[in-house]
Amino acid sequence: MYYHHPLAWHDTKLFQVVAGMGGAASRFTQRRVERDLDNKVVEALRERVRTRKKTFKSVDSITMRLPSFKDGLRDIRDIFDHYDGDSNGTIDKEELRSCLRQLQVQMSEKGVDSVHRYCDIDNRKGIQFQEFVVLLCLMYLLFGPNVTRQVSEFESVKLNYVFDELIDAFLFFNKEGGGKMRRKDVTQRMNETSHQERTPSHITTQLFKDMDLDRNGKVNLKEFLFAMIRWAGLETDEDDSNETSP
Ligand SMILES: [Ca+2]
Ligand SMILES: [Ca+2]
Ligand SMILES: [Ca+2]
């Protein structure tokens, strides 16, 4: 037997296990945050399916709206710039906190952190402009039209209309509002309304891949919105197309 100095315990197996738990715990928290917000979104989507008339009848009718999405969403640039206090092109947690406070979204500190993490979709840390658009649209879905009050009344009406259409575009593919679009939903919807020939499967496959950012075989609303915003061509000066994943 030899004496173990307490400080030497960081060499032990147990220490490695305990230290490793930090990472596991944060991954666990991340998954829980993701799931909690996904569930809230699904609740709101289902409510919407129950209470609203359908907006879109075909994929074409959605595609045709892309230019007007772009036009409508441009106004968000001003909101983004306003809350990006240090003008570094990224909304950090502190900036998001003050943003949501001013948009009168009632949320705990933890809630804000969750939303910040949830909407950090790409590989650049923090919330960049396109992610901010997704974030506002989700807040609109969860907290109602007051979220856009910061812009002028006219712009706010316009913006809410665009958000409604974007969410309804998702519901075109996700009819029940279950929150998870699968590849077969895309294939099915793209072919049932097309007057032309079937869309080749490699195209629908690629389309789905472009949307399914975490590659889990399902596209949720935030992934869908992020894709729509990119397709609408809503980019910032410093954003360019090379940031999309290969
Ligand atoms: Ca900033
Ligand atoms: Ca980001
Ligand atoms: Ca996914």
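What follows is a conversation about a predicted model of a protein chain.

Guide: In this predicted model, local features need pLDDT of at least 70 and side-chain atom pairs count only at pLDDT 80 or more, while totals for chains, interfaces and linings use all residues. Residues are numbered from 1 along each chain as its sequence is written, and chains are lettered from A and ligands numbered from 1 in the order in which they are written.

Visitor: Why is R101 called exposed?

Guide: A residue is exposed if 12 or fewer other C-beta atoms, placed from the backbone, lie within 10 Å of its own, buried if 20 or more do, and partly exposed in between. R101, which is found in helix α5 (residues 93-102), has 12 other C-beta atoms within 10 Å and is therefore exposed. Of the 246 residues of the protein chain, 27% count as buried.

Visitor: What makes S87 and R215 exposed?

Guide: S87, in the loop between α4 and α5, is exposed because it has 7 other C-beta atoms within 10 Å. R215, in the loop between α10 (201-211) and α11, has 8 C-beta neighbours inside 10 Å, so R215 counts as exposed too.

Visitor: How do you know that the buried residues of α3 line one face of the helix?

Guide: In helix α3 (residues 66-73), F69, G72 and L73 are buried. Seen down the axis of α3, these residues fall within an arc of 90 degrees (the arc of the directions from the helix axis to the C-beta atoms), so they line one face. What covers them includes α4 (76-83), α7 (129-143), α8 and α11.

Visitor: How is the packing of α8 and α11 described?

Guide: Two packed helices are described by the angle between their axes and the distance between the axes. Helix α8 (residues 153-173) and helix α11 (residues 221-231) pack at about 115 degrees with axes 10 Å apart, the axes being lines fitted to C-alpha atoms, for helices over the stretch in contact, and the angles running from 0 to 180 degrees between N-to-C directions. The contact is made by L166, A169 and F170 of α8 and L221, F224, L225 and M228 of α11, two residues being in contact if their C-beta atoms, placed from the backbone, lie within 7 Å.

Visitor: What kinds of residue make that contact?

Guide: The contact of α8 with α11 has seven nonpolar residues, no polar and no charged, where Ala, Val, Leu, Ile, Met, Phe, Trp, Tyr, Cys and Pro count as nonpolar, Asp, Glu, Lys and Arg as charged, and the others, Gly among them, as polar.

Visitor: Which residues have the most contacts inside the largest nonpolar core?

Guide: They are V133 and C137, in a core of 52 residues, a nonpolar core being a set of buried Ala, Val, Leu, Ile, Met, Phe, Trp, Tyr and Cys residues joined through C-beta atoms within 7 Å. Helix α7 gives the most to this core, with eleven residues.

Technical notes: Helix = DSSP H or I, 4+ residues; strand = E, 2+ residues; numbered from the N terminus.
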